[in-house]
Amino acid sequence: MKSSGIEGYRAFLVRRDGDADLLHRRLASREEFFSALEADPVRSSYPIDRQVFLRNLRRRRPEPGLDAKMLFLLATAKLNQAERFGVDLGDTYGRIGGADQPPERVYLALEEHYHTRLLAYVLDMFGLPFQVVVPPLVMRQFVKINVFLPERIGFGFVGAAEMAGCIMFDELRRVGVELFADEPDVAARIERLYTEILTDEIGHVGYCAARCTQPERAIMRWLYPRFGRLFARQTGEISLLIDRDKLNARLDKPFDVEELTAGLPNETFLAALP
């Protein structure tokens, strides 16, 4: 993990993502990453019931009796829906960035856009589609606050949400690898795809922290566990996959970047500690 402020983070984004094309929603290096995935497809032998998956995709709470693997796939399909909704809403209202905005704004928005594709590739191993689903009412209002808050106030709020997102993605990464340990290629692909998202999310946390004052970073730290519990409640599958007491204990501890990055194969970057 490296840290040298926002200027260093900008250089890291160019190094990691390559050229950014906002018009076509493309990052050059990410397209190369996906081309490599497509050249080396992985398929699971887990017998998936497609109709059960689709039926539960739009349920607020999963129906009783689903096994842990199905719950993981549903959580994978649902967890990023609020983020996708926020990216699309910000794009509609011209909040993504432009020639008059700091260059990292475009990179951050496009990275969020790519998270949907990364999770879609998890589902693709099981022959499942990634479908757009409207987030629950509470999450929609939460996202709208994130998008429409004045920028100066918004960095602490968004940063806390990114911190909570790091924990959710890290927990699902761990659960997915454990559940599919009997299929090493599938487990490795889950690890790789979730690691890409976690690497981005850590960078987003550091960027928000770097844009905050000391009191605003204190607010980030105070909001973070509360947002984490909200995310877990709003995605019912997470509550069933992850022990509630263990998750709460993790959220109650100070945000530990060293724990999150331990063992990650990717270079990570934190512009400032939250």
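Rings of Phe, Tyr and Trp (its six-membered ring) count as a pair if their centres lie within 6.5 Å, with planes under 30 degrees apart called stacked, over 60 edge-to-face and the rest tilted. The structure holds 16 aromatic pairs. The model is predicted, so local features need pLDDT of at least 70 and side-chain atom pairs count only at pLDDT 80 or more, while totals for chains, interfaces and linings use all residues. Residues are numbered from 1 along each chain as its sequence is written, and side-chain values use heavy atoms, with hydrogens and water left out.

View A. The ring centres of F155 and Y207 are 6.0 Å apart and the planes stand at 80°, so the pair is edge-to-face. Helices (H or I, at least four residues) and strands (E, at least two) are DSSP runs, numbered from the N terminus. Both F155 and Y207 are buried, where buried means under 20% relative accessible area, exposed over 50% and partly exposed in between (1.4 Å probe, protein chains only).

View B. With centres 5.0 Å apart and planes at 65°, the rings of F157 and F227 form an edge-to-face pair. F157 is buried at 18% relative accessibility, and F227 is buried at 8%.

**View C. Helices α6 and α9 pack against each other.** The angle between α6 (residues 103–124) and α9 (residues 184–210) is about 155°, and their axes are 10 Å apart. Axes are lines fitted to C-alpha atoms, for helices over the stretch in contact, and angles run from 0 to 180 degrees between N-to-C directions. The two helices, α6 and α9, are therefore roughly antiparallel (over 145 degrees; under 35 is roughly parallel, 65 to 115 roughly perpendicular and the rest oblique). Among the residues that meet are L108, H115 and L118 of α6 and I190, L193 and Y207 of α9.

**View D. E31 sits in helix α2 (residues 28–39).** E31 is buried, with a relative accessible area of 15%. Leaving aside neighbours within four places in sequence, E31 contacts R26, Y114 and R117 (contact means heavy atoms within 4.5 Å). Helices α2 and α6 pack at about 5° with axes 12 Å apart, and are therefore roughly parallel.
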